[in-house]
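Please read the following briefing alongside the sequence and the coordinates.

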Amino acid sequence: MRTVVLYARSPDWREVVERADELMASPDFHVVKSEARTRAGFIDVPGAGPAFIKRVMVSSWSRGVFARLRGSSADRSLAGAAMLKAHSLAHPEPLAAMNSYKAGAIRASYLVSRALINADSLSRFMLGPGEIKGRNVHRRKQISDTVAAQIRRLHESGLYTRDLQETNIMVEDNARGGFNVYFIDLEDFRRAANVPWKRRITNLVHLDRSIGRFLCRAARLDFLYSYLGHRPDRAAARKIVAEVKAAREAIDRRKRREAPAADRVVAPLVGGTR
């Protein structure tokens with residue numbers, strides 16, 4: 001295998017990414033994701049501090065050739081980070097990135113980024129252990145309003161993501177008594193001259209499908225109004241809700257078609273589970 005370091009903030013971080021496989025096999029590596037192609041987690045690098053390492057394997061030679069033309073996961077993550085940085089949108093800072101090649105094709109890509117040690121995913125941060133924090137309605141609304149405002153900023157900056165789920169949004173307390181919102185999964189960000197309403201709706205529906213596990217219908221509707229920046233009149237609100245519902249139903253139908261027969265389940269009632 002031949003490796004090419006795409007980026008390294010310093011010689012020390014270059015060494016870290018070149019040793020990524022070794023570090024990920026270490027008992028000190030805390031795994032947070034381990035799937036067929038993706039392995040990711042945290043490790044405390046001596047002298048450098050905590051870091052997040054993500055490795056994405058490519059399943060075949062032909063896909064590796066396509067990845068070389070399209071850009072690997074690491075390539076696209078660096079591009080996504082640059083987009084977000086240009087608009088002062090918070091995200092994990094890339095520290096090093098590398099591609100691994102075999103027979104002219106990319107077979108694996110690696111990204112090392114700054115660990116967000118004080119942040120947590122939207123649901124865990126909002127609810128807390130035993131969902132005790134979720135009982136604070138005022139705090140929950142503050143978090144919801146802050147996240148909605150940041151997503152509006154993202155779209156108004158001409159950016160969107162192909163995978164806006166609550167697990168790809170991390171939140172932490174800040175010194176001003178508010179909250180910092182981070183966009184992660186950097187490889188899925190894209191730029192548009194003007195993010196169209198249909199694309200915005202798609203992003204919001206993807207998020208709604210994941211936050212519906214822990215927010216009731218009223219709270220999700222309030223999130224939509226916070227994103228819009230105002231509460232529309234009844235006719236306009238009905239039109240927007242109808243558009244969101246239609247987009248959600250279209251996505252649900254596609255997901256059911258794509259799911260293996262054994263994994264298909266009856267969709268939950270509209271309005272969430274709580």
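The model is a predicted one, in which local features need pLDDT of at least 70 and side-chain atom pairs count only at pLDDT 80 or more, while totals for chains, interfaces and linings use all residues. Residues are numbered from 1 along each chain as its sequence is written, and side-chain values use heavy atoms, with hydrogens and water left out.

**Aromatic pairs and charges over rings**

- Across the whole structure, a search finds 3 aromatic pairs, a pair being two rings of Phe, Tyr or Trp (its six-membered ring) whose centres lie within 6.5 Å, with planes under 30 degrees apart counted as stacked, over 60 as edge-to-face and the rest as tilted.
- Phe-125 and Phe-179 form an edge-to-face aromatic pair, with 5.7 Å from centre to centre and 85° between the planes.
- This pair links distant parts of the chain, since Phe-125 belongs to helix H5 (residues 122-127) and Phe-179 to strand E10 (residues 179-183), 54 residues apart; helices (H or I, at least four residues) and strands (E, at least two) are DSSP runs, numbered from the N terminus.
- Phe-125 also counts as buried, because its relative accessibility is 7%.
- The charged end of Arg-139 sits over the ring of Phe-125, 4.8 Å from its centre, where the criterion is NZ of Lys or CZ of Arg within 6 Å of the ring centre and within 35 degrees of the ring normal.
- Arg-2 lies over the face of Tyr-101, at 4.7 Å from the ring centre.

**Helix packing**

- Two packed helices are described by the angle between their axes and the distance between the axes; here axes are lines fitted to C-alpha atoms, for helices over the stretch in contact, and angles run from 0 to 180 degrees between N-to-C directions.
- Helix H7 (residues 197-211) packs against helix H9 (residues 234-258) at an angle of about 65°, with the axes 9 Å apart, and H7 and H9 are therefore roughly perpendicular to each other (angles under 35 degrees count as roughly parallel, over 145 as roughly antiparallel, 65 to 115 as roughly perpendicular and the rest as oblique).
- Helix H6 (residues 137-156) and helix H8 (residues 217-228) have axes that come within 8 Å and cross at roughly 45°, which makes H6 oblique to H8.
- The contact between H6 and H8 involves residues including Ala-148 and Ile-151 of H6 and Phe-223 and Tyr-227 of H8, contact meaning heavy atoms within 4.5 Å.
- H6 and H7 pack at an angle of about 150°, their axes being 11 Å apart, and are therefore roughly antiparallel to each other.
- Ile-151, His-155 and Glu-156 of H6 meet Arg-200, Asn-203, Leu-204 and Leu-207 of H7 in making the contact.

**Two further buried residues**

- Leu-127 is placed in helix H5 and counts as buried at 12% relative accessibility.
- Not counting residues up to four places away in sequence, Leu-127 touches Ile-132, Lys-133, Gly-134 and Phe-214; Leu-127 and Phe-214 are 87 residues apart in sequence, yet 8.3 Å apart in space, C-alpha to C-alpha.
- Thr-38, in strand E3 (residues 38-45), is buried, with a relative accessible area of 10%.
- Beyond residues up to four places away in sequence, Thr-38 touches Lys-33, Lys-54, Arg-55 and Val-56.

Terms used: Buried < 20%, exposed > 50% of the residue type's maximum accessible area, 1.4 Å probe, protein only.
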